[in-house]
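Subject: Structure handover

Hello,

Here is the structure I promised to pass on. Please open it and keep it beside this email as you read.

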Amino acid sequence: MAEQKTLLRALAGETLATPPVWMMRQAGRYLPEYRATRAQAGDFLSLCYNPELAAEVTLQPIRKYEFDASILFADILLLPQALGADVWFVTGEGPRLSTVTSMDDFNQLKPVDEIDAVLNPIYETLKILKSELPKETTLIGFAGAPWTVATYMIAGRGTPDQGPAHALRQTDVATFDALIDLITDGTIAYLKKQIEAGAEVIKLFDSWAGSLQDVAFVKYSLNPIAKIIAALKAAHPTVPVIAFPREAGEAYKGFAKAVGADCLAIDTKVDAAWAVEHLQKDSCVQGNLDPRLLVTGGDQLVSETKRIKEAFSGGPHIFNLGHGITPDADPDNVHRMVDAIRN
Ligand code: CP3
């Protein structure tokens, strides 16, 4: 029965003696086998759109570490591409996109009912994974939250302070709100399809939520996420959702309840004792090991892993990092982390 899977048990609110574990970016450049498959695909985007190879890299960390969950191999910037933006990756620098900075630019984008022409291979990847994953491994689908996706679509790249997106929301609210609404509706359609193709859990990444405050945080991080979750729950009431409003700080408090999420993922800056007191009473909590420890390793990796496991042991918890594992991480350190959790 699906409910036997450890990740689904934690998401349903169960306190487990050994928390389920997986890692953000678990399929990634720190693994030599990932680098080999990516070379075979040609480049990162070709890998994302190749269902056989995308399923292969999704499975690599599952075979190696027996994680409790597997996350679809894709990217949050595939939806902008499906909506008509140009998207490419510059090696060593990161993503580049054509920009949306006016109503004219916005009007060039495609309607939501056309996104599947681009995204069909992603649903194929999920179907392959559904049949090939070990029966105890939970399959997670995902998307970026609207604010975070909008920051890339407006700036055309990653930015340290999301300046261009803040400027647009202050100077041309009509264009900005239209973009947020389009991304929100596109995300709902995309995630419903992911669930129909086999995703058992959905995660929403709001990586830049921390740069929004007060009213703007509610309007552009919390509200769109709540709208997406409400639409998913209406269609698929039993599929749990993990929300990750990264670096939201005090605004993490009450977030899971306000958006209807089953689990709140927390970054490395959140104090574990504070999270137990203010967040774990409302929902399952996921996180918050510092990914640097998977580079440096040693006794500190083991003691920090055990500290986090212990801190959250009184309630539902999914062991994970506070952000993605980095390319310079040592694959053996991941074994050390998993052993420290399970033994
Ligand atoms: O976690 C997983 O293993 C699933 C796949 C996944 C990727 N990106 C693969 C990826 C997921 C869930 C993401 C989410 C994502 N993508 C986010 C939100 C989470 C976060 O990191 O804050 C964001 C902001 C993006 C956009 C993105 N994709 C950036 C900024 C970059 C470049 C930076 C980098 O790490 O290289 C990417 C590239 C990317 N996405 C890689 C991977 C494995 C590296 C690409 C490569 O192989 O060269």
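The model is predicted, so local features need pLDDT of at least 70 and side-chain atom pairs count only at pLDDT 80 or more, while totals for chains, interfaces and linings use all residues. Residues are numbered from 1 along each chain as its sequence is written, and side-chain values use heavy atoms, with hydrogens and water left out.

**Salt bridges**

Side chains of opposite charge can pair when their charged atoms come close. Here, a salt bridge means a side-chain nitrogen of Lys or Arg within 4 Å of a carboxyl oxygen of Asp or Glu. The whole structure holds 19 of them.

Start with Glu200 and Lys5. Their closest N and O atoms are 2.9 Å apart. Glu200 sits in the loop between α10 (173-197) and β5 (201-206), and Lys5 in the segment before α1 (6-11). That pair links parts of the chain 195 residues apart. Helices (H or I, at least four residues) and strands (E, at least two) are DSSP runs, numbered from the N terminus.

Is Lys5 buried or exposed? It is buried, at 12% relative accessibility. The cut-offs are under 20% relative accessible area for buried, over 50% for exposed, and partly exposed in between (1.4 Å probe, protein chains only).

Next, look at Arg342 and Asp68. Their salt bridge spans 2.9 Å, N to O. Arg342 is in helix α16 (residues 331-342) and Asp68 in the loop between α4 (51-65) and β1 (69-71), so the bridge ties together parts 274 residues apart in sequence. Arg342 is partly exposed at 29%. Asp68 is buried at 13%.

Asp282 and Lys281 also pair, at 3.4 Å between the closest N and O atoms. Asp282 is partly exposed at 24%, and Lys281 is exposed at 59%. Finally, Arg246, Glu247 and Lys269 are linked in a network of salt bridges.

**The largest pocket**

Its volume is about 1,400 Å³. A pocket, on a 1 Å grid over the protein atoms alone, is an open set of points where a 1.4 Å probe fits, with protein on both sides within 12 Å along at least five of seven lines; lining residues have an atom within 4 Å of a point. Grid points are joined across faces, edges and corners, and the volume is the space filled by probe spheres set on the points.

The lining has 45 residues, and the closest to the centre are Arg25, Arg29, Phe44, Asp75 and Phe89. By type, the lining divides into 24 nonpolar, 12 polar and 9 charged residues. Nonpolar covers Ala, Val, Leu, Ile, Met, Phe, Trp, Tyr, Cys and Pro; charged covers Asp, Glu, Lys and Arg; the others, Gly among them, are polar.

**The ligand**

Which residues come nearest to the ligand? Of the 21 around it (a heavy atom within 4 Å), they are Arg25, Arg29, Tyr34, Arg38 and Ser207.

- Arg29: 2.7 Å
- Arg38: 2.2 Å
- Ser207: 2.5 Å

**A loop residue**

Glu93 is in the loop between β2 and β3. Glu93 is exposed, at 55%. Its side chain makes a polar contact of 2.5 Å with that of Arg96. Such a contact is a pair of N or O atoms within 3.5 Å; within protein, one must be able to donate a hydrogen and the other to accept it, and residues adjacent in sequence count only if both atoms are side-chain atoms.

Best wishes
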